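Here are a few exercises to work through with the model open beside you. Try each task on your own before you read its solution.

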Amino acid sequence: MDRKKWWQSSVVYQIYPRSFQDSNGDGIGDLPGITRRLPYIAGLGADVIWLSPIYASPNDDNGYDISDYQKIMPEFGTMEDFDEMLSTAHKLGLKIVMDLVVNHSSDEHRWFREARKSRDNPYRDYYIWRDPKAGMTGGEPGAEPNNWGSCFGGSAWEYDEQTGQYYLHLFSKKQPDLNWDNPRVRDEVFSMMTWWLEKGVDGFRMDVISLISKPEGLPDGVPSGTGYASWESCATGPHLHEYLREMNRRVLSKFDTITVGECPGVPMEEARKYASLDGTELNMVFQFDHMSTEYDPKVGRYGMNSIKLPPLKAAINKWETGLEGYAWNSLYWDNHDQPRAVSRFGNDSPEYRELSAKMLGTCLHLMKGTPYVYQGEELGMTNCPWESLDEINDIESANNVRQNIAKGLVKETDAIEIMRRQSRDNARTPMQWDDSACAGFTTGKPWLRINPNYVEINAENEVNRKDSVYSYYSELIRLRKESELIVHGDFEMLCPESKEVFAYVRTLEEKKLIVACNFTDHPVAFSLPQEFEDGRLLIGNYGDGVQSGSLRPYEAYAVEI
Ligand code: TEU
Ligand code: CA
């Protein structure tokens with residue numbers, strides 16, 4: 001069986017529709033806005049687009065709380081607008097991947113509105129209900145069925161007065177978890193997926209898919225600093241692979257799709273099954289190890305720690321080597337849930353922003369796996385200089401920082417700095433198209449603050465500029481499209497202990513490639529191994545060849561033999 005698949009040489013561009021392009025002046029991005037900008041994405045060289053959710057939603061979590069899986073969110077447009085976007089994309093050779101959010105639905109979904117009517121409602125078992133803890137009165141503290149915490153703060157259980165039971169929500173109260181152990185729920189999800197695939201979409205990114213099968217008996221987990229057990233403690237439940245194989249058999253195997261599962265907390269041996277090259281489940285997974293190396297043991301993500309290179313390299317090396325021969329990797333520095341890559345892993349000062357953005361691109365795009373580019377990353381967009389918590393729209397960051405201040409885990413005076421470092425809203429500031437009012441994103445009032453640096457950092461300023469971050473990313477993408485070595489070569493990390501240099505070698509039969517990246521703002525010693533000295537420079541962000549014996553600030557290059 002040929003294990004080489006088209007999506008192994010693909011590059012995926014992620015769009016966060018609310019912040020991409022507004023077309024009707026209401027300050028909210030929409031589908032006609034996306035259609036207008038498709039040539040920009042095709043010009044970059046990506047061949048697949050992942051759309052964050054565009055379905056009907058009350059937007060408690062910006063679309064990740066879906067009230068109708070087969071209706072378009074009115075703010076984003078109509079189904080006709082969607083069909084127009086899909087056919088235009090296909091004409092440009094762009095495939096469209098939808099976001100499949102089926103670990104939970106919105107509490108305004110018809111299923112949940114029915115389920116909460118009474119305990120014997122035919123939809124009751126579409127969700128996870130439990131009685132208050134024995135001897136306790138529902139709604140009073142400690143009566144929750146177990147100690148699981150919500151990702152957005154507080155308990156993962158909400159008491160429903162009407163029927164006298166709690167329902168589970170690993171995310172917000174308005175995102176009740178679906179009961180995948182109920183075969184009717186799986187039927188609903190599989191027929192909905194088939195409906196979209198028959199419509200012509202090309203695949204799915206599957207939201208927190210590692211959480212859909214809950215541990216038998218819903219046992220308490222190990223409490224963290226917040227007093228609750230982390231929601232990740234119920235990842236990879238007993239029936240998960242069984243349900244994904246059923247999904248593959250009944251839906252995915254019938255279409256030529258690309259699929260990626262978002263799997264926070266996934267162990268290696270499980271990921272080898274999820275994304276197994278035998279094609280019985282999904283094509284790849286998003287793991288989060290390299291997204292949490294600086295997390296604080298007490299407050300997790302929302303602390304003041306900075307990235308250190310050795311643990312970051314160790315996390316990436318673990319997955320580059322751990323999946324080799326078993327499963328396929330995804331490659332990403334950021335997405336709509338993470339701070340901007342150049343601000344977190346690089347240096348967003350005017351002096352080094354472009355150099356370090358290109359360095360990060362070189363480091364990621366020449367590794368083994370399918371690269372994902374999050375909207376604006378190709379321009380080197382940065383985190384936003386938030387001035388008050390009131391500017392923050394994101395339910396997760398706002399809730400967590402307030403909870404941690406209340407528990408005395410972080411100082412109120414650090415709150416803004418923590419938001420500037422870690423808030424998900426850093427990824428969600430509107431796309432910066434040009435230096436006109438509102439960065440060309442809207443002619444109205446943008447739903448979220450626009451990063452004031454749009455005057456310098458914008459697509460118009462980069463698309464036709466040869467030394468821009470955009471042009472450099474399109475060169476990296478072109479190299480991947482032309483190179484079997486970059487797509488299929490083995491990966492070997494070099495100097496894992498170095499606090500400054502990230503370097504590795506790719507090998508395919510007799511062909512070899514070395515990539516060297518300086519993650520600091522000062523020159524560091526680094527010598528090309530002798531076998532590469534007469535090699536061919538594939539790409540370099542200083543654009544003037546290789547210096548022997550050292551790497552300049554944020555320098556990155558790749559040499560092939
Ligand atoms: O994210 C799950 C998830 O891991 C994030 O909630 C979390 O922000 C982060 O990774 C750790 O802090 C998915 C979606 O990507 C996210 O936007 C949704 O909010 C969430 O699921 C619930 O649907
Ligand atoms: Ca709009």
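A residue counts as buried when its relative accessible area is under 20%, as exposed when it is over 50%, and as partly exposed in between. Keep in mind that this is a predicted model.

**Exercise 1.** Find the donors of the calcium ion (ligand 2), then work out whether I28 and D30 are buried or exposed.

*Solution.* 
- Step 1: Look around the ion. The calcium ion (ligand 2) is held by D22 (OD), N24 (OD1), D26 (OD), I28 (O) and D30 (OD), at 2.2 to 2.4 Å.
- Step 2: Read the donors along the chain. Their spacing is D-x1-N-x1-D-x1-I-x1-D.
- Step 3: Apply the cut-off to I28. Its relative accessible area is 10%, so I28 is buried.
- Step 4: Do it again for D30. Here the value is 2%, so D30 is buried.

**Exercise 2.** Which residue forms a salt bridge with K214, and where in the chain do the two partners sit?

*Solution.* 
- Step 1: Start at K214 and look for its partner. That's D177, with the closest N and O atoms 2.9 Å apart.
- Step 2: K214 is in the loop between β9 (203–206) and α5 (240–250), while D177 is in the loop between β8 (165–168) and α4 (183–199). The pair links distant parts of the chain, 37 residues apart.
- Step 3: Check accessibility. K214 has 6%, so it counts as buried. D177 has 0%, so D177 counts as buried too.

**Exercise 3.** Take the salt bridge between K318 and D289: which parts does the pair tie together, and how accessible are the partners?

*Solution.* 
- Step 1: Get the distance. The side chains of K318 and D289 meet at 2.6 Å, N to O.
- Step 2: Locate them. K318 belongs to helix α7 (residues 309–322) and D289 to the loop between β11 (284–286) and α7, so the pair ties together parts 29 residues apart in sequence.
- Step 3: Use the cut-offs. K318, at 39%, counts as partly exposed, and so does D289, at 25%.

**Exercise 4.** Which network do D394 and R428 belong to?

*Solution.* 
- Step 1: Begin with the pair. D394 and R428 form a salt bridge, their closest N and O atoms being 3.7 Å apart.
- Step 2: D394 is in the loop between β13 (370–374) and α10 (395–406), and R428 is in helix α12 (residues 425–428), 34 residues apart.
- Step 3: Note the accessibility. Both D394 and R428 are buried.
- Step 4: Follow the shared partners. Salt bridges join D61, R301, D337, D394, E396, R424 and R428 into one network.

Notes. Residues numbered from 1 in each chain as written. Chains lettered and ligands numbered in written order. Predicted model: local features only at pLDDT ≥ 70, side-chain atom pairs only at ≥ 80, totals over all residues. Heavy atoms only, no water. Salt bridge = Lys/Arg side-chain N within 4 Å of Asp/Glu carboxyl O. Helix = DSSP H or I, 4+ residues; strand = E, 2+ residues; numbered from the N terminus. Buried < 20%, exposed > 50% of the residue type's maximum accessible area, 1.4 Å probe, protein only. Donors = N, O, S within 2.8 Å, 3.2 Å for Na, K, Ca; no water.
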